[in-house]
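Subject: Structure handover

Hello,

Here is the structure I promised to pass on. Please open it first, then read the notes below.

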Amino acid sequence: PGLNDVGPIKGSLAICLVTVFVLVYFSLWKGVKSSGKAVWVTAILPYIVLFILLIRGITLPGATDGMIYYLTPRFEMLHNPKVWVDAATQIFFSLGPGFGTLLALSSYNKFHNNCYRDAIFTATINCLTSFLAGFVIFSVLGYMAHVQGKHISQVGEEGPGLVFTVYPEAIATMTGSVFWSIIFFLMLITLGLDSTFGGLEAMITGLCDEYPKPLGRHREVFVGVLLVFIFICALPTCTYGGMYIVDLLNIFGTGNPILFIVFVEAAGVFWFYGADRFANDIEKMLGFRPGMFWIICWKYISPTFIFVLFVCSFAVPDGEANEEVSEEAAKFPGWSVGIGWLLTCSSIICIP
């Protein structure tokens, strides 16, 4: 019924979770040597599936309406600070700054690696992928609207509901639905594994670098113990009410902290360490100095933009987050909001 009673652990979900963690372990136990090989599959397969689903999507009746709806701007939404906060949070999630993943993985590069080219290439591919995924989603939403005789805005949902309810429901009505279901969920699994590799590698690399003798030399054992601990922490999400726990983590555990962490990182590097000194370091690595545009972005534009979004995230979604959680008191009791804000503070408080 809700967070007051999430019910017992669902066996099939727990078995799936064990399987995923076994896959993750054997992809991470040797460091980038093993995870690098696994990523060739988990990073490339989703693109193949996305293009297959796109080709299928655009051939469905109503797909054109869905794509027109996707591409039609609603400029009045730009007045809403929550839209900007959501956009920033989304780009942080998809690109990964502030989570430590990019830092951990790039620490394995050679000193003279062209990080400038990597940064431009990664950011461009990331945005184009999101843009492409929009066509895949909205072509199918247009089809759903056509089948149900509704407007497209009435068939869409946010977050997990879109991925696990609306899209699979649409696939179920297609010819050859079993095939489309298999490749769609295969894509989701590989995307999830990919994100897990990166997030855990950031933690493992940081700890192994900090404690090379006890942890770095016994990486296989350390990774195994860490994954068992994380598996135990993840078990409550495998209960029958596990989705409520995921919702609570989604609302409170990520948006505000990541904006604050990235702001502090930017301030630490470009105001305290110094943008000029940072530019000199890059010149030693690449052989050329970043232009004035980048220095202005680093020192003024990015930190200011992120700080304003961080303030807005408290000033605006504060009430909305509480509202979202308190919509159905039976599912989300009052104490859960307090735990939510403790989650938010648990990431931020480490920095002061």
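**Salt bridges**

At 18% relative accessibility, Lys82 counts as buried. Buried means under 20% relative accessible area, exposed means over 50%, and partly exposed lies in between (1.4 Å probe, protein chains only). Asp86, at 39% relative accessibility, is partly exposed. The side chains of Lys82 and Asp86 meet in a salt bridge, 2.9 Å from N to O. A salt bridge here is a side-chain nitrogen of Lys or Arg within 4 Å of a carboxyl oxygen of Asp or Glu. Both residues lie in helix H4 (residues 81-95), four residues apart, about one turn of the helix. Helices (H or I, at least four residues) and strands (E, at least two) are DSSP runs, numbered from the N terminus.

By the salt-bridge rule, the count comes to five. Among them is the pair Glu76 and Arg74, at 3.8 Å from N to O. Glu76 is partly exposed at 48%. Arg74 is partly exposed, also with 48%. Another is Arg117 with Asp118, whose closest N and O atoms are 3.6 Å apart.

**Where the model comes from**

This is a predicted model: local features need pLDDT of at least 70, side-chain atom pairs count only at pLDDT 80 or more, and totals for chains, interfaces and linings use all residues. Residues are numbered from 1 along each chain as its sequence is written, and side-chain values use heavy atoms, with hydrogens and water left out.

**Overall build**

The protein has 15 helices and zero strands. Its radius of gyration is 22 Å, close to the 20 Å that the globule rule gives for 352 residues, so the protein is as compact as a globular protein of that length. That radius is taken over C-alpha atoms; the globule rule is 2.2 Å times the number of residues to the power 0.38. Buried residues make up 36% of the 352.

**Helix H10**

H10 covers residues 219-234, 16 residues in total. Its buried residues are Arg219, Phe222, Val223, Leu226, Leu227, Phe231 and Ala234. Seen down the axis of H10, they fall within an arc of 165°, so they line one face of the helix. The arc is that of the directions from the helix axis to the C-beta atoms. On the other side of H10, Val221, Val225, Phe229 and Ile232 are exposed. What covers the buried residues includes helices H1 (11-28), H8 (177-210) and H9 (212-216).

Best wishes

How values were computed:
The expected span of a helix is 1.5 Å times one less than its number of residues. Contact means heavy atoms within 4.5 Å.
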